[in-house]
Amino acid sequence: MMNRLLLLFFTYIPSLIYAQQLQLNDQNYFEMPGLDVTVFADIYPDGHQTGVTVIQHGIRTAANGDLRLETSPGQWSPVPRGGKLMADEPNQTLTQRLWYPDSSKNRKGFNPIIYPDLQLFYNVRVTPIGGSSFKVTVDLDEPLPKEWEGKVGFNFELFPGDLFGKSYLMDNQTGQFSTQPNGPMTTRYGETLAEPLATGHTLIVAPEEELQRMKVTSGAELQLWDGRTNHNNGWFIIRSEIPPGATQKAIEWVITPNVVAGWQYKPVVQVSQVGYHPDQKKIAIIELDQNATMESQEITLYRLDENGKTLVRKATPDLWGKFLRYQYRTFDFSDLRDPGLYTLAYGEVNTHAFRIDRKVYDRHVWQPTLEYYLPVQMCHMRVNEKYRVWHDLCHLDDALMAPTDTNHFDGYLQGASTLTDYQPLDQVPNLNHGGWHDAGDYDLRVESQIGTTWMLAMMVEEFDLDYDATTIDPEKRLVEIHLPDGKSDAIQQIEHGLATVLGGYRTLGRLYRGIICPTLRQYVMLGDAASMTDNLSYNSTLDSTQVVNQESGIPDDRWVFTEENPGRELYVAAGLAAAARVLKDENPDLANEALAAAKAIYTAAGKADGHVSQKILVLAELILTTEDPELITAFISMKADIIADLSHSGWAVGKVIHRIENKKFRKEVANAVASYQQGLRAQQQTDSPYGVPYKPNIWGAGWSIQRFGVEQYFFHKGWPEHTTSDFYENALNFVLGVHPGINTSSFASGVGAQSVTVAYGVNRADWSFIPGGVASGTALIRPNLPELKVWPFFWQQTEYVMGGGATNYMFLALAVNDLYRERGE
């Protein structure tokens, strides 16, 4: 017996030591309690999301450790390509092979610094060396060419948002990380930067913070830079330049993030930031450290009153299991129906106060999207809110025909022809009306314009949306927020969307692809939309100082792109048909024009092979608008396609199925829907504890989950016997705070107790937000870290978009409100 105990004892000691140092796990990253080090798990340097990355006490504190060709690279800078990550388990080493092939041709023309040709092949090796320390080694195949000496270096980026006001030590130098970038300025190989904050051989980051402290040592000089001086979205950068002639161990750093012994992730209790209708399902999600004891403590539900907290109940949450890097428990309190204010406590963790109320969605939920976000995004208008001007009159000089054979830096392509009677750089009239600026780019993508219009039309149709808080005057090009004008805001916004889509169609004889600024300097502009152009149409016969008859010699006008894309054209036709239906009484002339365009586009684009999903969408909307028997016959003839494409277009079939009298068609489609929904319910149980099919990605999943929720509303409407409302209810709750990660803010800005109020909108440089804008939401730092940082420059986490963001959220809120209003009647 004694021998057995001794054996167990001596076996246990090494395991304890092993657990307290970085070690390679089966997911190919290094981990220990309180620290993870990933090596090129993501390939997304533009989003500061690749290279050697440190996740310290559950927070990503540093990333993008890699060779770069600039001191402070930006969004259009050359980036390396990479091969497969190689894991050497016996030697506890991860090695990434990378190369820069001819970097001057990497996005040539869009990078402001032009490089000579460079062939650079190298390896980045990471190896733990005891405790929380690890070594980063860079080996070059060949020495740098002489002309590249001093230009190439190893960069390691520190996330700024958690460092403002914190200090640093560099050898005998001290300093603080400032909230804003400051001079003095210098120029390095064409980059204008602030001078280094410090140089030396040993850097201590945030020495005062146990959870953040990190030590970096190097034989070669370390430089600490502020990457925000030449890029608003830059990070703090630690850099060592490649020494002349170096190959093996050209860079060798030792990085030691501090780790607090015994640290565990603090529990997070996730409930809706808005609250719940009394009859609604109410499930709190409890997110716990992966090593937390499986014996759960109790969760406590309190009611709030004049005396503070009153105990309602205690319960042991149910074990759900593991998802990503955490384990989860759930607490179902759906049986609580008494109206009031409540809060939950799990150990020392308390949630915000949330409502249970029959009128929980009647104010402050979907309304900010219609009251603020849509008006603020309106193009070709001046937008006022009492003493504030959100933006002045803008883009009156829209638009010049895009040059042929153009590959725009934002992805727009103009082929060998303009596809119209207009020649390259001709002024195209009637494009300076309507539309909404998309995200932070100020462009007008046709699918975003019609998508927003279409969603508004569906809300008017489904929920009798009739709400007036805004003056919208298209003649004066003026918007006054919170000044009603006696007209439905939703109807006026639909008209505004059609003004751009049909305006282009009238003039061009076809749909435009998009309207966007021609230069990178305009594209990255942060500020008033009216500052992007001079609002004067370009006249090539004038010089840049002349203004004649509202024309100028400055070629700053946005470009309009066209394309041959039957799928996109059919999608737009579907939205036009839906808009025509709801404008039939309010604006019959515009409704007739929209319907005529929808029919013409369907007739032309519908002849193309493929594009099954889009053909189903447009047929469904045209049938609802026209009740044309020939269209119904064509729809029924697509039965096999409809059944095969249910996951993409079945929602649109759900809208129109009650208009189809063919019993065989209805039965076979219903059977397919039942099977599809059964699969979704199985996926719902295993994907995550959040009640929606959820596969996290680099980009926040909020938009896709919202779209899924809207589609499931129409599945439920078409086949209530085979479906559930759970999917779209859970999708709404996901947006409103029931989502993974420590940041449980509502993705809808200004909605709920806590929300995303630092967002990637057109005003992101102000660290601000637009009420009712909806962020992309919690993203995935591969392989398993959910992240939603307070940082205005992460488009993959906090970007607003038109077409699939805010209006989908608004639809879900109205849908859930309508669901429980109907059940309560």
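Modeller: Strand β39 and strand β41 (residues 551-552) pair in the parallel sense, over two bridges. Two strands count as paired if DSSP finds at least two bridges between them. Strands (E, at least two residues) and helices (H or I, at least four) are DSSP runs, numbered from the N terminus. Within this pairing, Ser537 stands opposite Glu551 in β41.

The model is predicted, so local features need pLDDT of at least 70 and side-chain atom pairs count only at pLDDT 80 or more, while totals for chains, interfaces and linings use all residues. Residues are numbered from 1 along each chain as its sequence is written, and side-chain values use heavy atoms, with hydrogens and water left out.

The three strands here form an open sheet in the order β39-β41-β40, with mixed pairing. Its edges are β39 (537-538) and β40 (547-548), each of which pairs on one side only.

A four-stranded open sheet is also present, ordered β31-β30-β37-β36 and again mixed in pairing. Because β31 (388-391) and β36 (470-473) stand at its edges with a single partner strand each, one side of each is left without a neighbour in the sheet. Neighbouring strands of this sheet are turned by 20° against each other on average, direction ignored. Within it, β30 (residues 382-385) runs parallel to β37 (residues 478-481), joined by three bridges, and Asn384 stands opposite Glu480 in β37. Helix α2 (residues 367-377) lies across β30, β31, β36 and β37, at about 150° to β37. Axes are lines fitted to C-alpha atoms, for helices over the stretch in contact (heavy atoms within 4.5 Å), and angles run from 0 to 180 degrees between N-to-C directions.

The largest nonpolar core has 179 residues, and Phe811 is among those with the most contacts inside it. Such a core is a set of buried Ala, Val, Leu, Ile, Met, Phe, Trp, Tyr and Cys residues joined through side-chain atoms within 4.5 Å. Helix α16 (residues 806-824) gives the most to this core, with 11 residues.

Ala815 lies in helix α16. Ala815 counts as buried because its relative accessibility is 1%; buried means under 20% relative accessible area, exposed over 50%, and partly exposed in between (1.4 Å probe, protein chains only). Leaving aside neighbours within four places in sequence, Ala815 is in contact with Phe463, Tyr713 and Tyr728.
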